[in-house]
Amino acid sequence: MARRRQLYEGKAKVLFEGPEPGTLVQYFKDDATAANGTKKGIITGKGVLNNRISEYLMMRLTEMGVPTHFIRRLNMREQLIREVEIIPLELVVRNVAAGSLSTRLGLKEGTRLPRSIIEYYYKNDQLQDPMVSEEHITCFGWASTQDLDDMVALALRINDFLSGLFLGVGIVLVDFKIEFGRLYENDEMRIVLADEVSPDNCRLWDVNTGEKMDKDRFRRDLGKVEEGYQEVARRLGILPEAGARDMKGPEAMQ
C-alpha cells in the first residue's frame with residue numbers, strides 16, 4: 001500500500017493528501033456511530049457499499065448539472081475528490097416525518113409532509129450539531145445569504161432528482177443530510193456538494209413495506225444492517241460483483 005499523509009479522520013471516512021494539488025483521497029470506513037457518537041459499531045462492508053453508492057449518485061447528480069467535489073472512484077474503498085473549504089453546516093431535507101422531526105413536533109413517523117422542509121445544523125461534534133436558523137448562520141459568518149441561497153437551491157434540485165431516482169427502484173427518500181463546500185478555481189468561488197450521499201446520511205424505505213434500508217437499522221438495533229445497504233446497491237444496479245468484501249486502507253503517514 002502507498003504511504004499517504006493523513007489529513008483528517010471523521011466518524012465514517014478518512015481524508016488523505018491527493019496525488020495532485022487541489023485533490024484529496026477519501027477513504028470509506030466500516031465504522032458506524034449513532035446518538036451523537038455515543039453508540040459505536042462496525043457494519044461489515046459498509047465502506048465498500050457507500051463508496052459505490054455515493055459514486056453512482058454523485059455522477060448522476062453531475063449529469064443533472066449539480067456541481068460536486070467528486071472526481072472518480074479509485075478502488076473499492078477510495079475516491080478522488082476536489083479539495084474544498086467545507087461550510088460548517090449540515091442541511092437536512094425532509095419529505096416524510098421521521099427521526100428528530102417526529103420527536104420534536106409529535107408527528108407520527110411516516111407522515112408525508114405538505115412540502116419538503118430544509119433544516120440547518122451547525123457542524124460541531126462537541127455541541128452535538130445543534131439546529132440553527134438563518135439568522136445564526138449569517139450572524140456568525142458561517143455562510144453568507146448568497147451562500148445559503150445557493151445551497152438551498154441545490155438542495156431542492158438534489159431532492160427532486162434523488163426522490164425520483166429512488167422511487168423508480170421502489171424506495172422512498174424520507175430525508176437526507178448533505179454538506180457543501182466552497183471550491184476555488186481561477187480566482188472564482190462556487191458552492192459544490194461535498195462529503196457523500198449514501199444510506200449513512202439518507203433515510204430510505206421500501207415503497208410497499210416501509211422496511212428501512214439505511215443506518216436506522218443500526219440506530220434502532222433492527223438487525224440485518226449490512227443487508228439493508230446491500231439492497232439499496234442491488235436496486236441501483238451497482239452491487240460489487242465480489243460482494244461487499246473487506247479491503248484494507250492505505251497506510252497513513254504522519
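By salt bridge I mean a side-chain nitrogen of Lys or Arg within 4 Å of a carboxyl oxygen of Asp or Glu.

Please keep in mind that this is a predicted model, where local features need pLDDT of at least 70 and side-chain atom pairs count only at pLDDT 80 or more, while totals for chains, interfaces and linings use all residues. Residues are numbered from 1 along each chain as its sequence is written, and side-chain values use heavy atoms, with hydrogens and water left out.

Now the layout. The domain assignment, which is automatic or from a database, gives domain 1 (6-82) and domain 2 (85-224). Their C-alpha centres are 17 Å apart. Domain 1 brings 29 residues to the contact and domain 2 brings 27, with contact meaning heavy atoms within 4.5 Å.

How much area is buried between domain 1 and domain 2? About 2,300 Å², with 63% from carbon and sulfur atoms; that is the accessible area (1.4 Å probe) that the two parts lose on being put together, summed over both. On the domain 1 side, Lys39, Leu57 and Pro67 lose the most area to domain 2, together 23% of what that side buries.

Back to charges: the rule finds 5 salt bridges across the interface of domain 1 and domain 2.

And who lines the domain 1 side? By class, there are 13 nonpolar residues (Ala, Val, Leu, Ile, Met, Phe, Trp, Tyr, Cys and Pro), 7 charged (Asp, Glu, Lys and Arg) and 9 polar (the others, Gly among them). Thanks, everyone!
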